[in-house]
Amino acid sequence: MGNDFDSCPIWTAEEARDESYGHIIRGMKISCFPKFGFVIYRCTYGNNAAWTELLTLIKQEAQNQIKKLGPGRDWLGTHLDWKIVEDSTLDGVSLEQVKSRFDRWSDEIVDESERTSTNVLRWLPRFNFCVVVDEKCLASMEKSKFKTEAGVDAVEKTPPVFVVLMRAKRRVPAWMGGGGLIRDGVFGD
């Protein structure tokens with residue numbers, strides 16, 4: 001196992017199952033797209049400080065989880081790349097409207113990739129899931145902070161901070177288990 005993206009092997013689908021982040025790394029290698037991380041849609045514009053704080057929390061938590069993977073996988077942190085969509089026309093829109101926008105963006109990138117190369121971007125999490133931050137998400141962070149500051153046992157009673165993780169319409173990521181596998185860049189059973 002390599003200690004960086006370039007020296008990491010392209011595992012078979014079966015081998016990838018036994019590796020931390022194996023299917024994601026395999027997809028990154030096959031597609032020659034060495035980035036992971038989600039598109040994050042900002043859908044509330046009333047509290048810039050809370051938005052900035054939640055975005056920082058998301059990024060820190062992702063890096064902390066990658067560091068826990070230890071040597072041989074911690075290099076993934078250098079490939080973490082967030083696409084942040086801040087557009088005031090998204091203020092207060094429905095989840096379906098965000099989903100529609102994400103699907104259009106994702107399909108455009110994937111279709112262009114497939115026209116110009118043998119990439120298999122459609123299998124990567126970045127093109128199958130997006131994160132939505134709305135007013136309820138910011139409120140969950142504020143509620144969690146308030147309870148922690150009030151002396152509530154953080155492990156026992158603190159409400160969770162949450163975001164919405166939305167799945168694209170295509171529903172085919174091989175790394176989700178169960179269904180098909182990517183073999184030689186082709187999806188199959």
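The pocket and the sheet

Tutor: The largest pocket has a volume of about 470 Å³. This is a predicted model, in which local features need pLDDT of at least 70 and side-chain atom pairs count only at pLDDT 80 or more, while totals for chains, interfaces and linings use all residues. Residues are numbered from 1 along each chain as its sequence is written, and side-chain values use heavy atoms, with hydrogens and water left out.

Student: What makes a residue part of the lining of the largest pocket?

Tutor: A pocket is an open set of points on a 1 Å grid where a 1.4 Å probe fits, with protein on both sides within 12 Å along at least five of seven lines; a lining residue has an atom within 4 Å of a point. There are 19 such residues, and those closest to the centre are Phe38, Ile58, Glu61, Ala62 and Trp82.

Student: Which element gives the most to this lining?

Tutor: Helix α3 does, with seven residues.

Student: How do the lining residues divide into nonpolar, polar and charged?

Tutor: The lining has 15 nonpolar, two polar and two charged residues. Ala62 and Trp82 belong to the lining; Ala and Trp count as nonpolar, whereas Glu counts as charged.

Student: How do you know that β1 and β2 pair?

Tutor: Pairing needs at least two DSSP bridges. β1 and β2 have four, in the parallel sense, so they pair. Ile40 stands opposite Ile84 in β2.

Student: Why is the crossover from β1 to β2 called right-handed?

Tutor: The chain goes from β1 through α3 to β2. The name is used because, with the strands pointing away from the viewer, this path runs clockwise.

Student: What makes β2 and β4 edge strands?

Tutor: The open sheet has the order β2-β1-β3-β4, with mixed pairing. β2 (83-86) and β4 (164-167) each pair on one side only. β4 runs antiparallel to β3 (residues 129-133), joined by four bridges, and Val131 has Leu165 of β4 as its bridge partner.

How values were computed:
Helices (H or I, at least four residues) and strands (E, at least two) are DSSP runs, numbered from the N terminus. Grid points are joined across faces, edges and corners, and a volume is the space filled by probe spheres set on the points.
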